[in-house]
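Keep the sequence and the coordinates open while reading.

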Amino acid sequence: EILRPKTPEPERLFTINQPVSFEETRDAEFKEVKGLNPVDAIKNKVDEYAVAFLNTQPGRILWGIRNEDRVVVGVLLDSAKRDKVRREVSNKLGQIQPYFPQLLIELKFHSVHDEEGQEINDLWVFEVSVPKGLPTELYATGGNAVFVKTEGGKQTLNHLQVVAEIEQRRILKQTRARDSEEDLMFAMVAELTRRGRENNGTAWVPIIGSDEHKMAEKMVTRNMLVRVMPGAYAL
């Protein structure tokens, strides 16, 4: 089963120089962006934390919050830089091994407000929400680095730890009789259903020939859809 991050606090209002109401825990990572190139600062770490969550538990990374005191500092990004963040982050996440549908990893820009409640131009908290990956897979970055999530951040696995994790997942995989992609297909259907019910997402059309397109073709057979999501025709 692919698990999604816990639903965050309903108000989700980020006020400059004020602490957020939730803590930095195993399922939430705060990152302050320092330096003059926020795009690179985000791009250079996003796949490491995404892999850590995929291998351990669902969670989210929030850039623009200082981890020492939970205070909102924001990330200065104009429209062009936000587009570049989306492209660069999507490119990094697309290199994660083995393949994991990017549809299931959400990218969000949350506006930052002043003490009067007014939005501050081009100041954002950038969130990457990552589910837990398949329990039978061990995920790595495009550079072949393997991470797991810890209370204090993330941990890089050494060679012996990677071997042990692979063996544990191999044993688990042998005990599973169903299609190895069913969890991913279920998660895709569930995510699209959620977006449809909330009416807050654009239509998703996979690129022809991509892994997601091949998986979508596999899903459209009635028998597979019933196996992946029983009762789907009653939605």
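Q: How many helices and strands does the protein have, and what pattern do they follow along the sequence?
A: This is a predicted model. The protein holds six helices and eight strands. Read along the sequence, the pattern is β-β-α-β-β-α-β-β-β-β-α-α-α-α.

Q: What percentage of the residues of the protein count as buried?
A: Buried means under 20% relative accessible area. The protein has 235 residues, and the share that counts as buried is 45%.

Q: Among contacts between residues at least 6 apart in sequence, what share join residues at least 24 apart?
A: A contact here needs heavy atoms within 4.5 Å. Take the contacts in the protein between residues at least 6 apart in sequence; the share joining residues at least 24 apart is 74%.

Q: What span should helix α1 have, and how far apart are its end C-alpha atoms?
A: Helix α1 covers residues 38-56, which is 19 residues. The expected span is 1.5 Å times one less than the number of residues. That gives 27 Å for α1, and the end C-alpha atoms agree, being 27 Å apart.

Q: Where is the kink in α1 centred?
A: The bend in α1 is about 35 degrees.

Q: Why is α1 described as largely enclosed by the rest of the structure?
A: The helix α1 has 19 residues. It is largely enclosed because the number of them that are buried is 15.

Q: Which geometry do the rings of phenylalanine 100 and tyrosine 139 adopt, stacked or edge-to-face?
A: The structure holds five aromatic pairs. In the pair of phenylalanine 100 and tyrosine 139, the ring centres are 5.8 Å apart and the planes stand at 90 degrees. Planes over 60 degrees apart count as edge-to-face. The pair is therefore edge-to-face.

Q: How many residues apart in sequence are the parts that phenylalanine 100 and tyrosine 139 tie together?
A: Both phenylalanine 100 and tyrosine 139 are buried. Phenylalanine 100 lies in the loop between α2 (79-93) and β5 (106-113). Tyrosine 139 lies in the loop between β6 (119-130) and β7 (147-150), so the pair ties together parts whose separation in sequence is 39 residues.

Q: Which residues do ring pairs link into a cluster?
A: Rings pair if their centres lie within 6.5 Å. Such pairs link Trp63, Phe109, Trp124 and Phe126.

Q: Which side chain is joined to histidine 110 by a polar contact?
A: Histidine 110 sits in strand β5. Its relative accessible area is 16%, so histidine 110 is buried. At 2.6 Å, its side chain makes a polar contact with that of glutamate 127.

Q: Is threonine 141 buried or exposed, and which residues does it contact beyond four places in sequence?
A: Threonine 141 is in the loop between β6 and β7. At 4% relative accessibility, threonine 141 is buried. Leaving aside neighbours within four places in sequence, its contacts are Asp47, Glu48, Val51, Gln95, Gln97 and Phe147.

Q: How far apart in space are valine 71 and glutamine 18?
A: Valine 71 is found in the loop between β3 (59-63) and β4 (75-76), and counts as buried at 11% relative accessibility. Its contacts beyond four places in sequence include Gln18. Valine 71 and glutamine 18 are 53 residues apart in sequence, yet their C-alpha to C-alpha distance is 5.1 Å.

Terms used
Residues numbered from 1 in each chain as written. Predicted model: local features only at pLDDT ≥ 70, side-chain atom pairs only at ≥ 80, totals over all residues. Heavy atoms only, no water. Helix = DSSP H or I, 4+ residues; strand = E, 2+ residues; numbered from the N terminus. Bend = angle between axes of the 7 residues up to and from the residue. Buried < 20%, exposed > 50% of the residue type's maximum accessible area, 1.4 Å probe, protein only. Phe/Tyr/Trp six-rings, centres within 6.5 Å; stacked < 30°, edge-to-face > 60°. Polar contact = N/O pair within 3.5 Å; in protein donor to acceptor, adjacent residues only side chain to side chain.
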